[in-house]
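I opened my notebook to look at how the parts of this model meet. I wrote down each thing as I looked it up.

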There are 2 protein chains.
Amino acid sequence: MTDVLGATTRRREATRQKLLDAAAQLFAEEGLDAASVEAICERAGFTRGAFYSNFETKDELFLELCGRVARARVAAVRGRVAALEGDAQFPPLTADPLAIVRQILEVTADDRLGILLMSEIRINALRNPQLGAAYLAQDAELSEGVTQIVTDVAQAAGLKFRIPPAEAARLMLTVWESEATRGVMSGAEDAELSRRTSEGLARVAQLIIEPPLA
Amino acid sequence: MTDVLGATTRRREATRQKLLDAAAQLFAEEGLDAASVEAICERAGFTRGAFYSNFETKDELFLELCGRVARARVAAVRGRVAALEGDAQFPPLTADPLAIVRQILEVTADDRLGILLMSEIRINALRNPQLGAAYLAQDAELSEGVTQIVTDVAQAAGLKFRIPPAEAARLMLTVWESEATRGVMSGAEDAELSRRTSEGLARVAQLIIEPPLA
DNA sequence: GTCTATAAGTGGATAGAC
DNA sequence: GTCTATCCACTTATAGAC
């Protein structure tokens with residue numbers, strides 16, 4: 001007990017975080033199975049001893065990582081919702097009212113590695129019921145957040161939708177992921193990736209929004 | 001040269017097919033890495049010797065499998081298109097004009113294992129440029145086929161779309177995959193899986209089709 | 001808390017008998 | 001064509017030194 005104030009605990013948490021970050025990169029690049037504990041430790045700047053001092057197994061680390069990623073995404077969306085409802089005045093609602101939805105979806109994983117990590121998590125969630133349930137839960141929460149935003153924007157801008165807001169949100173999430181995936185596959189740089197998802201979402205928005213009786 | 005007529009060649013092809021089938025199952029269940037050559041051989045009823053007599057490596061088998069799956073999907077869609085354009089008379093175009101699109105999308109991978117295999121192929125395509133290019137090519141061909149069908153149906157039923165047929169087809173493919181994935185994740189049986197994708201596509205159809213001036 | 005060393009097991013792949 | 005036997009690289013995980 002040389003440490004009364006939890007300094008070692010802070011160090012420990014920093015080590016955990018570095019290991020998690022390194023693991024996230026490697027899981028994205030090579031997949032859960034192909035990424036060895038050795039490689040994770042090497043990238044994080046530790047040896048295996050440190051790893052097994054912090055995590056029981058590689059699977060436990062992966063579970064922890066999934067949780068953190070999910071919480072981060074949900075928190076990002078929640079933050080946007082709160083900011084939106086705090087402001088009486090919205091950002092400019094011009095020709096592209098759903099621009100704000102785009103920004104939200106871009107918050108979390110709008111780069112090559114982020115997409116890959118999400119895909120890796122997803123396929124593991126398909127095989128592992130425990131992970132699957134967690135995945136669906138965070139997906140539902142995300143969807144709910146986006147629904148909230150979509151509803152707010154619609155009301156503020158005086159837009160009418162051709163489908164319920166929840167379906168609209170779901171559709172936007174789906175299209176975003178689809179475009180992002182095909183973008184990564186075609187070797188698009190992060191900038192072009194962003195452009196492609198944007199255009200995809202704009203098309204959906206156009207389809208969803210009831211045209212004004214011009 | 002005891003074989004002049006290619007009987008051994010046929011046997012060989014049968015062996016290859018069994019190995020490919022067993023591998024497809026295991027890749028779907030456990031993923032490319034986790035599925036050992038040993039396990040593949042065991043399920044196919046051979047030993048490793050037979051495997052390495054037919055394939056250079058596990059990766060080569062996977063590539064071959066990807067090709068076969070892609071060709072099968074494209075062929076299924078092409079077959080539908082041909083059948084559709086051969087008939088002057090369409091199947092009943094009642095309340096649900098895009099039911100036929102549903103049937104097409106269900107042709108190829110409408111069960112748990114099929115979805116999993118597709119997902120496994122997809123994530124590998126995200127990491128391997130060669131696979132990625134092949135994946136995008138088959139995806140484009142598939143999309144083109146569905147576009148063709150959508151166009152045919154629209155013309156025959158006198159429907160107007162709110163977006164170009166190609167975008168409509170893309171959207172249906174995307175929504176189908178999304179629903180199927182979440183269905184598998186929530187542990188849905190094959191029957192319910194089919195129901196969920198159906199409903200998803202019906203919603204998209206409703207959104208896409210220009211409502212008649214009632 | 002982190003290191004080294006190592007145990008115990010599994011993987012892909014090859015050689016040669018049948 | 002398929003089998004058995006085997007090699008070797010590499011993996012996870014543990015034990016114990018520092």
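My entries below go from the DNA to the pairing of the chains.

**Entry 1: the model**

I note at the start that this is a predicted model.

**Entry 2: around DNA strand C**

I began with DNA strand C. I looked up which residues surround it and found 17. The closest are A:R12, A:T15, A:T47, B:Y52 and B:K58.

I took the atoms of DNA strand C within 4 Å of the protein. Of these, 60% belong to sugar or phosphate, and the rest belong to bases.

Then I sorted the residues near DNA strand C by class. I got 5 nonpolar, 8 polar and 4 charged residues.

A:T15 has a side-chain N or O atom 2.7 Å from a phosphate oxygen of DNA strand C. B:R48 meets a base: an N or O atom of its side chain is 3.0 Å from a base nitrogen of DNA strand C.

Helix 3 of chain A gives the most, with 5 residues.

**Entry 3: chain B against chain A**

I turned to the protein chains. I found 38 residues of chain B in contact with 38 residues of chain A. The two chains bury about 3100 Å² between them. Of that area, 65% is on carbon and sulfur atoms.

Which residues of chain B lose the most area to chain A? They are B:L126, B:R127 and B:M185. Together they make up 24% of what that side buries.

**Entry 4: charges and polar pairs**

I recalled a general point. Side chains of opposite charge can pair when their charged atoms come close.

I counted 31 salt bridges over all chains. Between chain B and chain A the count is 6. I looked up two pairs. A:R182 forms a salt bridge with B:D139, with the closest N and O atoms 3.8 Å apart. This pair crosses between chains, from helix 8 (residues 165–185) of chain A to helix 7 of chain B. The side chains of B:R127 and A:E120 also meet in a salt bridge, at 2.6 Å from N to O.

I also found 12 residue pairs in polar contact between chain B and chain A. Five helices of chain B each supply at least two residues to the side that touches chain A: helix 1 (7–30), helix 6 (112–127), helix 7 (129–157), helix 8 (165–185) and helix 9 (190–208). Helix 8 of chain B brings the largest share, 10 residues. By class, this side of chain B has 18 nonpolar, 7 polar and 13 charged residues.

**Entry 5: how the copies are related**

I asked what rotation superposes chain B on chain A. It is 180 degrees, with 0.0 Å of shift along the axis and an RMSD of 0.1 Å. That is the relation of a two-fold axis.

Which residue of chain B comes closest to the rotation axis? B:D33 does, with its C-alpha at 3.2 Å. Last, I compared the contact residues. The same surface serves both copies, and 100% of the contact residues of chain B recur in chain A.

Terms used. Residues are numbered from 1 along each chain as its sequence is written. Chains are lettered from A and ligands numbered from 1 in the order in which they are written. This is a predicted model: local features need pLDDT of at least 70, side-chain atom pairs count only at pLDDT 80 or more; totals for chains, interfaces and linings use all residues. Side-chain values use heavy atoms; hydrogens and water are left out. A residue is near a molecule or strand if one of its heavy atoms lies within 4 Å of it. A polar contact is a pair of N or O atoms within 3.5 Å; within protein, one must be able to donate a hydrogen and the other to accept it, and residues adjacent in sequence count only if both atoms are side-chain atoms. Helices (H or I, at least four residues) and strands (E, at least two) are DSSP runs, numbered from the N terminus. Ala, Val, Leu, Ile, Met, Phe, Trp, Tyr, Cys and Pro count as nonpolar, Asp, Glu, Lys and Arg as charged, and the others, Gly among them, as polar. Contact means heavy atoms within 4.5 Å. Buried area is the accessible area (1.4 Å probe) that two parts lose on being put together, summed over both. A salt bridge is a side-chain nitrogen of Lys or Arg within 4 Å of a carboxyl oxygen of Asp or Glu. Copies are superposed by least squares on the C-alpha atoms of residues with pLDDT of at least 70 in both.
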